[in-house]
Amino acid sequence: MAILNICSCYPKLPTNPKLHTLHQASSFTLPTTQQISLNPVEPSRNTFISLTESLSKATFLALLSASLFFTSDPALAFKGGGPYGAGVTRGQDLTAKDFSGKTLIRQDFKTSVLRQANFKGAKLLGASFFDADLTGADLSDSDLRGADFSLANVTKANLSNANLEGALTTGNTSFKESIIQGADFTDVPLRDDQRGYLCKIADGVNPVTGNATRETLLCE
């Protein structure tokens, strides 16, 4: 009873409205990660994406323009090699063109039409006539060492006194009805049927190498 009386003697402390307000103000909830706004980052990200897309488009347009430019001008698309390289000699129609006496070392005549072209006395070391049409061409007295005649049509061509040492004639290279008097075929890889045909018409001695045509063809 004494204890109860003592407690009842003290009046109730008045409630401080300011403290109550402060307590309510301090009772806030931390925002979740979903509530945090990332809006300030979005503009930068969007700007970066736009810039990347713009650069990609600009690069594509530049490459497209360059390809169209080179394709439209064949002189820029294919250049020949050697001193005559300023002219286009690859994949061209060079019918009856005069190359006589010219230095055309490693010149590129791939897939060109060279019918009745004049190569008399030309230096054609390492030149490429891959898949070219040399029907009726004059290759007499020319230096054709190491030239590539793979798949070439050398029908009715004049090869008299030409030096073909080490030239390539793989594939369907045709020498049908060609003149080979004095031509040097040393180390030229010929199919048996090619060799057999050429041996039937082989004659003469090459004036530069001193080799007999039949001997260079390994005729029996």
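How many disulfides does the structure hold? It holds 1, where a disulfide is a pair of cysteine sulfur atoms within 2.5 Å. Before you zoom in, note that this is a predicted model, where local features need pLDDT of at least 70, side-chain atom pairs count only at pLDDT 80 or more, and totals for chains, interfaces and linings use all residues. Residues are numbered from 1 along each chain as its sequence is written, and side-chain values use heavy atoms, with hydrogens and water left out.

Start by colouring on pLDDT, the predictor's confidence in each residue, from 0 to 100. The protein averages 76, and 60% of the residues score at least 70.

Next, select C199 and C219, whose sulfurs sit 2.0 Å apart in the disulfide. C199 lies in helix 5 (residues 192–201) and C219 in the segment after helix 6 (213–216), so the link ties together parts 20 residues apart in sequence. Check the S-S torsion: at -90°, the link is left-handed.

Last stop: S112, in the loop between helix 4 (74–77) and helix 5. S112 is buried too, with a relative accessible area of 1%. A polar atom of the S112 side chain lies 3.1 Å from the backbone nitrogen of Q92. Show the residues that S112 touches, among them T89, L94 and D133.

Definitions and conventions
Helix = DSSP H or I, 4+ residues; strand = E, 2+ residues; numbered from the N terminus. Buried < 20%, exposed > 50% of the residue type's maximum accessible area, 1.4 Å probe, protein only. Polar contact = N/O pair within 3.5 Å; in protein donor to acceptor, adjacent residues only side chain to side chain. Contact = heavy atoms within 4.5 Å. Lists of a residue's contacts leave out its neighbours within four places in sequence.
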